[in-house]
Amino acid sequence: MASNAAAVPFWRAAGMTYITYSNICANLVRNCLKEPYRSEAISREKVHFSVSKWADGKPQKPTCLEVVVLNCDSARLVLGTESWNPVVFRIEWLTESKTSYHHNQDVNN
Amino acid sequence: MLRQATTRLLSRRSISAAAGGSVPLRPFSTEVPATPALDSSFVEAWKKVIPNVEPPKTPLAFMQPRPPTPASLPTKLTVNFVLPYASELSGKEVDMVIIPATTGQMGILPGHVATIAELKPGVLAVHQGNDVTKYFVSSGFAFIHANSFADIIAVEAVPIDQIDPSLVQKGLAEFTQKLSSATTDLEKAEAQIGVDVHSALNSALTG
């Protein structure tokens with residue numbers, strides 16, 4: 001039989017999944033583009049969502065309107081700040097048009 | 001588990017033979033049979049029960065049939081190159097495609113054996129006649145089918161002239177420095193990815 005240790009790529013050995021690896025590669029490439037293409041690419045990949053905390057069974061005002069461009073650092077920043085108990089939060093994925101309704105903090109990463 | 005596999009294979013084979021497909025499906029075969037446009041067993045069963053009403057069309061009838069594997073070598077390779085937000089090439093007939101697979105640059109000619117290749121950050125070159133169109137691909141997969149169709153999917157692909165050399169140099173220096181100062185496994189992996197991508201971008205610009 002062949003050796004039991006399959007040749008895993010270095011990123012999988014470090015605990016990263018393929019999707020994370022692929023997204024990091026894509027973000028790095030996007031950051032190396034020339035000017036008009038770079039801003040188009042980055043704005044194309046932005047994700048908008050609003051987060052509202054729940055207290056006493058009622059949703060409170062949505063606090064942050066987050067516009068996240070995920071790269072290796074900002075992903076950890078966004079997800080690591082508060083305790084993400086899914087019962088306590090309501091996260092709404094927004095399309096570009098709805099962002100104008102929320103005029104709260106705009107966290108740009 | 002292995003016992004179930006053999007019984008399942010045998011039962012699957014008999015089902016597909018009984019369903020009256022044009023070619024009995026052979027498990028593990030790499031040939032691509034032409035798919036029938038009409039589900040004949042459904043139509044026969046319908047006509048037995050309700051002979052007066054037209055049978056409804058099944059999804060098979062709406063789908064384009066898969067192009068069959070030609071008997072002799074085809075002259076052109078049909079390439080579908082797609083990105084999550086756009087379709088770069090859709091059904092384009094080309095002479096050759098060179099893909100940056102993890103195992104090295106792979107040249108795909110018409111009649112290539114069916115392959116699935118994982119792509120690494122690198123240059124994808126499409127050769128049609130005397131023109132060569134080059135894209136830098138961040139990562140993705142390439143599925144080459146036995147009927148000379150190639151489906152290449154990538155997360156991000158840019159023509160080489162949209163890459164900014166100064167940003168590439170800056171990124172390369174930054175990630176080489178991060179690699180030497182990285183502590184945890186994850187940081188090392190990220191820095192290594194950065195170095196790989198930027199050196200691939202560099203060689204794409206110079207090569």
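Figure 1. B:Phe42 is partly exposed, with 29% relative accessible area. The structure is a predicted model. Helix α2 of chain B holds both B:Phe42 and B:Trp46, which are four residues apart, about one turn of the helix. Over all chains, the whole structure contains seven aromatic pairs. In the pair of B:Phe42 and B:Trp46, the ring centres are 6.0 Å apart and the planes stand at 45 degrees, so the pair is classed as tilted.

**Figure 2. Close-up of the nonpolar surface patch that includes B:Ile50**. Three residues, B:Val49, B:Ile50 and B:Val53, make up a nonpolar surface patch of about 260 Å². B:Ile50 belongs to the loop that runs between α2 (40–49) and α3 (59–62) of chain B. With a relative accessible area of 32%, B:Ile50 is partly exposed. This value meets the requirement for patch residues, because these must have over 30% relative accessible area.

**Figure 3. Close-up of the aromatic cluster formed by residues of chains A and B**. Ring pairs join A:Trp11, A:Tyr18 and A:Tyr21 of chain A with B:Phe141 and B:Phe143 of chain B in a cluster.

**Figure 4. Close-up of A:Ser22 and its contacts in chain B**. A:Ser22 is part of helix α2 of chain A, which spans residues 18–31. The relative accessible area of A:Ser22 is 5%, and the residue is therefore buried. When residues up to four places away in sequence are not counted, A:Ser22 touches B:Ser139 and B:Val155.

**Figure 5. Close-up of two charged side chains over aromatic rings**. A:Arg44 is positioned over the face of B:Tyr85, at 3.5 Å from the ring centre. Within chain B, B:Lys178 lies over the face of B:Phe175, and here the distance from the ring centre is 4.8 Å.

**Figure 6. Close-up of B:Ser148, a residue with positive phi**. The loop between β8 (140–144) and β9 (149–154) of chain B contains B:Ser148. Its phi angle is near 65 degrees, a positive value in a residue other than glycine. Most residues other than glycine have a negative phi. B:Ser148 is counted as buried because its relative accessibility is 2%, which is under the 20% cut-off.

Figure 7. At 0% relative accessibility, B:Phe136 counts as buried. B:Phe136 and B:Pro70 are 66 residues apart along the chain, and 32 Å separates their C-alpha atoms.

Figure 8. Chain B comprises five helices and ten strands. Of its 207 residues, 32% count as buried; B:Phe136, at 0% relative accessibility, is one buried residue of this chain. Among the contacts in chain B with a separation of 6 or more, 49% involve residues 24 or more positions apart. The chain exposes about 12,300 Å², and carbon and sulfur atoms supply 61% of this area.

Conventions
Residues numbered from 1 in each chain as written. Chains lettered and ligands numbered in written order. Predicted model: local features only at pLDDT ≥ 70, side-chain atom pairs only at ≥ 80, totals over all residues. Heavy atoms only, no water. Patch = residues over 30% accessible without salt bridge, like charges linked within 9 Å, V, L, I, M, F, W, Y side chains within 5 Å. Areas by Shrake-Rupley, 256 points an atom, 1.4 Å probe, with all protein chains shown as cover. Salt bridge = Lys/Arg side-chain N within 4 Å of Asp/Glu carboxyl O. Helix = DSSP H or I, 4+ residues; strand = E, 2+ residues; numbered from the N terminus. Buried < 20%, exposed > 50% of the residue type's maximum accessible area, 1.4 Å probe, protein only. Phe/Tyr/Trp six-rings, centres within 6.5 Å; stacked < 30°, edge-to-face > 60°. Lys NZ or Arg CZ within 6 Å of the ring centre and 35° of its normal. Contact = heavy atoms within 4.5 Å.
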